[in-house]
Amino acid sequence: MRTAAIQARGLVKWFGEGPARTMAIRDVSLEAYFGEMLYIVGPSGSGKTTLLSILSGILRPNAGSVLVKGQDIWRLSRDALADFRLNTVGFVFQDYHLFPRLTTAENAAIPLILKRRSWAESLDVARRCLEIVGLADRVELPPVKLSTGEQQRVAIARAIVGEPDLLILDEPTASLDGETGRRIVEFVRGHVLTEARCIVIVTHDSRIAEFADRTITMEDGRITGEVHGG
Amino acid sequence: MSPFLTLAYKLLVTDRAKFAALIVGLTFSVFLMVQMTSMFAGILQRASATVFNTGATLWVMDPAVTTVANSIPMPDYVLDAVRSMNGVRWAVPLFSGAALVKLQSGVYQPVTVIGLDDTTLFGRPRLIAGQIEDIFADDAFIVVRDPEYAKLDSPALGTTFEINDHRGVIVGIAKVPISGLFGIPTLYTTYRRAIEDIPRPRYTLSYILVEPKSAADVPAIVAGVEALGYRALTAKGFVDHITAFYIYQTSLGTNILMMTVISFLVGLSISGQTFYTFIIENLERFGALKAIGAKSRELVSIILFQSLLTSLTGYGLGVGLCALLVAVAKLRLPDYSSTITYLNLVIALVMVLVIAAVSGYVGVRKVIRVEPFDIFRA
């Protein structure tokens, strides 16, 4: 029996007020499970990034609830929510957002530094994660000296360094060529996805569809379809 | 250092161009602030040189006196009246005036002449050549060996000159703690000879130097002198009076203040602008840190640490540079008046902390407002 990592119920989110109000998410409910790689796909403006932000504790919904491992994250205080993100969620941003002048290892170590682990210990763990993503020989280089594919892998190392239960990837292949994008997602599928981890990927790249366990399609703020596989 | 502050430090110093711009700007700003205020402090100290060098506890003077160099002679009865006051241990006259000296070379040189009480010689300088009792010899003068000494052709013991058509002879060479402000040499002689040799108005008593029996007697003496229509000030009060004159009644204080404020604004603008650019360039990354789980107050602490670190580094370098410049200038220009006081350092520190606070505030405002969701939306 699968264990739910995320249970979202009746999510509603709008931006603006009055006549300028724009509905971004309309009564969305979904589950994501441990050991599962869930894709959220849909055209631009369909609300998938907004949904991802709500599920990961970044954007507060106007209505509905999000339970992660049974805990309603939107009932947490602001500080507790930040701690939740730090301890439970790993993020891979579309533009990576690596600090260009820190070394690769220092970038990957940031979540541990935020957790107040010692500098040396954080770097040790980060180096091991960089080994996992195949960048053992790049740990002292700044991100600007790496290819975009390598930068993406640094971002993945940063996301998994804290051993999060949830991994959130926002358009992970958007800046990569087709082959590199495939290899990155294949790597995530093969090396990062575990039975104790749930991975949610927002994408509109059909070339990586084959790696999904389940795919949810969104349109106009609603879930319009769900298929197993890509 | 905590890993958090190490991260803040690395983020700052690895951006070498901006870090260098911040440090150079702040160093330059602090250097100018300390230089301006220490120059003013040096001028004020020299303006009160006679007060410091004489060492009297109380000074009695005409109420219209603004600086020690601009004495207004008082009638002799004031000295007798002061001596008869309760609480006065002793009181002696002091002459302070200007004269024109004709050197053996035929050159005329203005000098300051200090006439010491004939009986006590209170306020006499420390001699480095000659005997103090020789001051009672005919035409005797003691010359002060300070940066102005050379203007009298560096006289040796026995050198003669003319002062107001009277013969003068150097019988002693002295050192004083502080040189005068106006760049003219100083001669010491007895009170009696001073009023004989120097063209004099109706009254000759420049100041009365008073030693009270105890500190508790000072207020009564001050009141007694005021009842006579004159003013009595403690040495510190007199220095403050002179300082207030230069600050508020000459353009010197205003100009120095303006230069100090300009230096502050230069530092503020360079630091503020560079720091703002630094924050703007990293704003999305700060947003990413927020998304990852950094709290706003943690990001604020990063920024405040960075602004404080750059400001204090700039402060240290600026003070060091200024101290070096003052030391080198004093080696090359003995007349250079600049004194770095604790007050100068505190003023510069407060100003640089204001710069740190404003620069930090600019960054903090931006970082607090950035929403993690913006990172996804971008």
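Okay, a definition to start: two strands pair if DSSP finds at least two bridges between them. Strands themselves are DSSP runs of E, at least two residues long, and helices are runs of H or I with at least four, both numbered from the N terminus. With that in hand, look at chain A, where strand β3 (residues 37–41) and strand β9 (residues 214–219) pair in the parallel sense over 4 bridges. Within that pair, Val41(A) has Thr217(A) of β9(A) as its bridge partner.

Quick housekeeping before I go on. This is a predicted model, where local features need pLDDT of at least 70 and side-chain atom pairs count only at pLDDT 80 or more, while totals for chains, interfaces and linings use all residues. Residues are numbered from 1 along each chain as its sequence is written, and chains are lettered from A and ligands numbered from 1 in the order in which they are written.

So, back to chain A. β3 and β9 belong to an open sheet of 6 strands, in the order β6-β7-β8-β3-β9-β10, with mixed pairing. Which strands stand at its edges? Those are β6 (89–92) and β10 (222–228) of chain A; each has a single partner strand, so one side of each is left without a neighbour in the sheet. From one strand to the next, the twist averages 20°. Helix α1 (residues 48–55) of chain A packs on this sheet, touching β3, β7 (166–170), β8 (198–202) and β9 of chain A, and its direction makes about 155° with that of β8(A). Angles here run from 0 to 180 degrees between N-to-C directions, and axes are lines fitted to C-alpha atoms, for helices over the stretch in contact. Contact, by the way, is two residues whose C-beta atoms, placed from the backbone, lie within 7 Å.

Chain A also has an open sheet of 4 strands, antiparallel, in the order β2-β1-β4-β5. The edges there are β2 (22–33) and β5 (71–72) of chain A, each with a single partner strand, so one side of each has no neighbour in the sheet. Inside it, 5 bridges join β1 (residues 4–15) of chain A to β4 (residues 63–68) of chain A, and Val12(A) sits opposite Ala63(A) in β4(A).

Over to chain B, which has 12 helices and 10 strands. Its radius of gyration is 29 Å, whereas a compact globule of 378 residues would be near 21 Å; that's over C-alpha atoms, with the globule rule being 2.2 Å times the number of residues to the power 0.38. Along the principal axes, the C-alpha atoms of chain B fill a box of roughly 95 × 50 × 35 Å.

Now the helices. The axes of α8 (residues 251–281) and α11 (residues 342–369) of chain B come within 9 Å and cross at roughly 25°. α8(B) and α11(B) are therefore roughly parallel, a label for angles under 35 degrees, with over 145 being roughly antiparallel, 65 to 115 roughly perpendicular and the rest oblique. Residues meeting there include Phe264(B) and Phe275(B) in α8(B), and Met351(B) and Val362(B) in α11(B).

The axes of α10 (residues 296–332) of chain B and α11(B) come within 8 Å and cross at roughly 150°. That makes α10(B) roughly antiparallel to α11(B).

Last stop, the interface: how many residues of chain B are in contact with chain A? 23 of them, against 28 residues of chain A. The elements giving two or more residues to that side of chain B are α1 (3–13), α9 (283–292) and α12 (372–377) of chain B.
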